[in-house]
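Please look at the structure shown below. The questions and answers that follow are meant for a reader who is new to it.

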Amino acid sequence: MPASNLTRRTFVAGGAALLAGVVAGAGIRPFVAEADVLRPPGALPEDEFMARCIKCARCIDVCPTDVLEPLGIERGLLQARTPQLNFANDRCTFCDKCREVCPTAAIGAVDPQAPEQGRIGAAVLYEDRCLAFLETGSCGICVEACPYEALSFDVGRRLVVDEAKCNGCGECVRICPANVFTSFSGGKARGIEVVTERAFREGGAVR
Ligand code: SF4
Ligand code: SF4
Ligand code: SF4
């Protein structure tokens, strides 16, 4: 084998091994088929969204509530800088501005009053965090705050989410006072969270 071929092949193989090592070592997933990322309302299914999104950040820049932010590398290199919703910032008002500015039609139209036709995600409750579960009769702030009347109490005054009304706007998450520190890096978790449809199907409404 000519020395130049050996050198080139060795270089390519070495480069691939190095990239794999870096990816594995950093805990980065370069290819994620169905990521549990909350996308802008009306976003195409995840694989189609990823095929279209060019990471231009126009949607993030135009969002009036700043609920949209760019993903880091924690969900893989391909997803880095794509838009995700963070309800710690604010809620989505379904203003439609992100769809209007998207140059690749990665975001479509959505009717917040018809979540059965498509929604951001679904609200789920955590019994070990929600104050209404931990202490009967307490809290209920999110019930008052939900703009779509998707939250109520059952006879035991435990919280119930009406899945037919919840569109995943995130107001309940934003306003929940049960912030629980879950990591040394300062991460917080609410008593109620919005998760993707896939995560909802897998985990149910109460956890
Ligand atoms: S619909 Fe409006 S508020 Fe919601 S993510 Fe898009 S720009 Fe932001
Ligand atoms: S505007 Fe469209 S293409 Fe640009 S980052 Fe947002 S979703 Fe992606
Ligand atoms: S995400 Fe929360 S506030 Fe928004 S519709 Fe669903 S239950 Fe109501």
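This is a predicted model: local features need pLDDT of at least 70, side-chain atom pairs count only at pLDDT 80 or more; totals for chains, interfaces and linings use all residues.

Q: What pLDDT does the chain average?
A: Residues are numbered from 1 along each chain as its sequence is written, and chains are lettered from A and ligands numbered from 1 in the order in which they are written. In this chain, 79% of the residues score at least 70. The average pLDDT is 83.

Q: How many helices and strands are in the chain?
A: Helices (H or I, at least four residues) and strands (E, at least two) are DSSP runs, numbered from the N terminus. By that rule the chain has 8 helices and 8 strands.

Q: What share of the residues in the chain is buried?
A: A residue is buried if 20 or more other C-beta atoms lie within 10 Å of its own, exposed if 12 or fewer, and partly exposed in between, with C-beta atoms placed from the backbone. The chain has 207 residues, and the buried share is 29%.

Q: Which residue of β8 does L125 stand opposite?
A: Strand β3 (residues 122-125) runs antiparallel to β8 and is joined to it by 4 bridges; two strands pair if DSSP finds at least two bridges between them. Both faces of β8 (residues 192-195) are covered, with I192 and V194 buried on one side and E193 and V195 buried on the other. The residue of β8 opposite L125 is I192.

Q: Why does A205 count as partly exposed?
A: A205 is found in the segment after α8 (197-203). Beyond four places in sequence, A205 touches V124, L125, V161 and E163; the C-alpha atoms of A205 and V124 are separated by 4.7 Å, although the two are 81 residues apart along the chain. A205 counts as partly exposed because its C-beta neighbours inside 10 Å number 14.

Q: Where is K55, a residue other than glycine with a positive phi?
A: Phi of K55 is near 60°. A57 is likewise not a glycine, and has a positive phi of about 70°; its place is in the loop between α2 and α3. K55 is in the loop between α2 (46-52) and α3 (58-62).

Q: Which residues come nearest to ligand 1?
A: A residue is near a molecule if its C-beta atom, placed from the backbone, lies within 6 Å of it. The shell around ligand 1 divides into 10 nonpolar, 2 polar and 2 charged residues; Ala, Val, Leu, Ile, Met, Phe, Trp, Tyr, Cys and Pro count as nonpolar, Asp, Glu, Lys and Arg as charged, and the others, Gly among them, as polar. Of the 14 residues around ligand 1, the nearest are C63, C92, C95, K97 and C98.

Q: Which residues are the closest to ligand 3?
A: The shell of ligand 3 holds 10 nonpolar, 3 polar and 1 charged residues. Of the 14 residues that surround ligand 3, the closest are C146, C166, C169, E171 and C172.

Notes: pLDDT is the predictor's confidence in each residue, from 0 to 100. Two residues are in contact if their C-beta atoms, placed from the backbone, lie within 7 Å.
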